[in-house]
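Let's take a walk through a protein model together.

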2 protein chains.
Amino acid sequence: MSQYWTDLVHRLDPYVPGEQPQDQQYIKLNTNESPYPPSPNVSEVLRAYSIEDLRLYPDPESVVLRKTLAQHHGLVASQVFVGNGSDEVLAHGFMAFFKRQKPLLYPDISYSFYPVYCQLYDIEFEKIPLDDNFQINCADYNRTNGGIILPNPNAPTGIALPLNAIRSLLEQSDSVVIIDEAYVDFGAESADSLIDEYDNLLVTRTFSKSRSLAGLRLGYALGHADLIEALNRVKNSFNSYPIDRLASAAAVASVKDEDYFQQCNEKIIASRTTLSQSLAALNFRVYPSSSNFVFAEHATKPAVEIYEALKQAGILVRYFKSARIDNCLRITVGSTEECQQLVEQLKRILG
Amino acid sequence: MSQYWTDLVHRLDPYVPGEQPQDQQYIKLNTNESPYPPSPNVSEVLRAYSIEDLRLYPDPESVVLRKTLAQHHGLVASQVFVGNGSDEVLAHGFMAFFKRQKPLLYPDISYSFYPVYCQLYDIEFEKIPLDDNFQINCADYNRTNGGIILPNPNAPTGIALPLNAIRSLLEQSDSVVIIDEAYVDFGAESADSLIDEYDNLLVTRTFSKSRSLAGLRLGYALGHADLIEALNRVKNSFNSYPIDRLASAAAVASVKDEDYFQQCNEKIIASRTTLSQSLAALNFRVYPSSSNFVFAEHATKPAVEIYEALKQAGILVRYFKSARIDNCLRITVGSTEECQQLVEQLKRILG
């Protein structure tokens, strides 16, 4: 507290990310990082990069990266915006599209950064409850709104929404709908195919999960050129050069290695199936995940106790002390070996 | 223009950075980059970095980097904030400290991003005119204010303010005073020594100029722990992980190589002296620079014509079409060879 803070700073209740112990002695199944390294292309490009060139600013427009992403999604560069992680992209999106007289709608169980952005930019919101099976019912969003945002698949439930549901949201809203596709590569349908059809659709993506580049901070958005222009106006009023030279080069190298990308995603999907079965056998209710994590609730033992016991055993998973989900654990799908160690520890803990 | 933009986006008039041609065929004396590569330590650390670890998020608190910077400035880590370039640090600072009922004060000739931040965060401001020699008169700031910000040395004039002047600003203001020290390493006195004395002082710095790391996007702020906490509250409501793993490692390596840092700065200061003399001999009025650029006005030939002619000759310098300075050029102090080529071309252009 300080006399020098603005009123806003006094009011803020910042986002708290999952634990990031820097000593690396834990098995980290708490922040949905990939168990696999980035594409070998990324190493190659970074090793060959002329360090001398770091004395020069990067391209403020990130043209090469935006063209590469556009090609990957069958779009053009003016439909692509890049940012310092998808959190930055989302923040700019909230400022660019959601400050209206009508409330932003999002699921009551969802990415817990959304209410923080609303606080930061003074945006009204209404949380729309998921049903008893943690499913989104699109008809619930058919009400006055100044925007809609939801992750697909949803986090932390992992449950995906089919493309026709997204389509109905877009058709019933006259505001911007942001589909936050941080986890889409693990089995959900992307709304990127709807961009040429709906001028109120913004799709956000990250390199932190399926591209194994959480350490480099890269996210992007896809949408109508007018929406991208709005994001650029905010970005250029905030920080001209958010994407550094190495991150940009690494991102391009990653996108160009489609085979490796698909292989890693397939391995994670296979591990998810095995892990979900093992958890079910241990008396967990496991929600149907289309993500690189599973969301699970044990029949008898409280989630917080399992979380603590796993931490004691050197395994971090994510526990949210939030309404409706405070008896669930979100567990990242790690490598085969990490998943095995988790299951062994759970067997011990659950006796 | 789009029906989906917020009113704010419609109103924004974004910052325009200096040209950044990506083909690299120009001699770039327009964005104040260093002519020298980053410290060899930086290459070494980046070459040795385990690319595999990029799959993991960075430390959201950037503890190692903050401790390294704290030690460098004789402070503690809680007095240090780091961001994705000093522009991001400044943006958070405007939001954290300046949204008040009283106007922010800054010089009429100054960093042209300041009014953009004011627009972005709806902050009232008053521009305080420099005197006829482009000097800041501290007594002019002795009026009702919700904050003061100024670069020291000032940009684009390059003129420095002595520490006792900064001290008087701090004493006469009951709001936060941000001293933007992007260029301080080239000959001005840093206000970092005043941080333990004034709890309303925030000093901002960048790795883009004197540390030859514009391509990696790193900036930081030094101040009382309460001010740093305010910046953290804003940052953690915007983007949890702004500093990537490679940028952080490179920054630490740079700060640890004090000798190389001093050598580069000395070379630039020496080149600045030579360049200033050459320009004076060509009938330029050269303002006394404590920066890595010179600000100069020709006695007879309009600045815009010189700018255009230099660009034709493959040399970029910065021309601002702004009141009071639209007959001046801001010229980055390049390498000895680049400065020589500039002077040769100027001789030709000026006949």
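Two residues are in contact if their C-beta atoms, placed from the backbone, lie within 7 Å. Keep that one handy. Now some ground rules: residues are numbered from 1 along each chain as its sequence is written, while chains are lettered from A and ligands numbered from 1 in the order in which they are written. What you're looking at is a predicted model, where local features need pLDDT of at least 70, side-chain atom pairs count only at pLDDT 80 or more, and totals for chains, interfaces and linings use all residues.

How confident is the predictor? pLDDT is its confidence in each residue, from 0 to 100. Chain A averages 96, and 99% of its residues score at least 70. For the model, ipTM is 0.96 and pTM is 0.97.

Let's look at chain A by itself. You can pick out 11 helices and 12 strands; these are DSSP runs numbered from the N terminus, with helices (H or I) of at least four residues and strands (E) of at least two. The radius of gyration of chain A is 20 Å, close to the 20 Å from the globule rule for 351 residues, so chain A is as compact as a globular protein of that length. (That radius is taken over C-alpha atoms, and the rule is 2.2 Å times the number of residues to the power 0.38.) Of the 351 residues in chain A, 55% count as buried. Buried means that 20 or more other C-beta atoms lie within 10 Å of a residue's own, exposed means 12 or fewer, and partly exposed is in between, with C-beta atoms placed from the backbone.

Chain A also splits into domain 1 (7-37 + 259-349) and domain 2 (40-257), with bounds that come from an automatic or database domain assignment. Here's where contacts come in: 31 residues of domain 1 of chain A are in contact with 25 residues of domain 2 of chain A. On the domain 1 side, helix H9 (258-281) and strand E10 (293-298) of chain A are the elements giving two or more residues. The largest share, 7 residues, comes from H9(A).

Now bring in the partner. Chain B can be laid on chain A with an RMSD of 0.0 Å by a turn of 180 degrees and a shift of 0.0 Å along the axis. That's the relation of a two-fold axis. The superposition is by least squares on the C-alpha atoms of residues with pLDDT of at least 70 in both copies. In chain B, B:Arg47 comes closest to the rotation axis, at 3.2 Å (C-alpha).

How many residues of chain B are in contact with chain A? There are 70, and they meet 70 residues of chain A. On chain B's side, H4(B) gives the most, with 6 residues.

A cis peptide bond joins B:Asn152 and B:Pro153, with omega about -5 degrees. B:Pro153 lies in the loop between strand E5 (147-151) and helix H6 (163-172) of chain B. The bond from B:Ala155 to B:Pro156 is cis too, with omega near 5 degrees. Over in chain A, A:Asn32 has a positive phi near 60 degrees despite not being glycine. A:Asn32 is buried, with 26 other C-beta atoms within 10 Å.

Terms used. pLDDT is the predictor's confidence in each residue, from 0 to 100.
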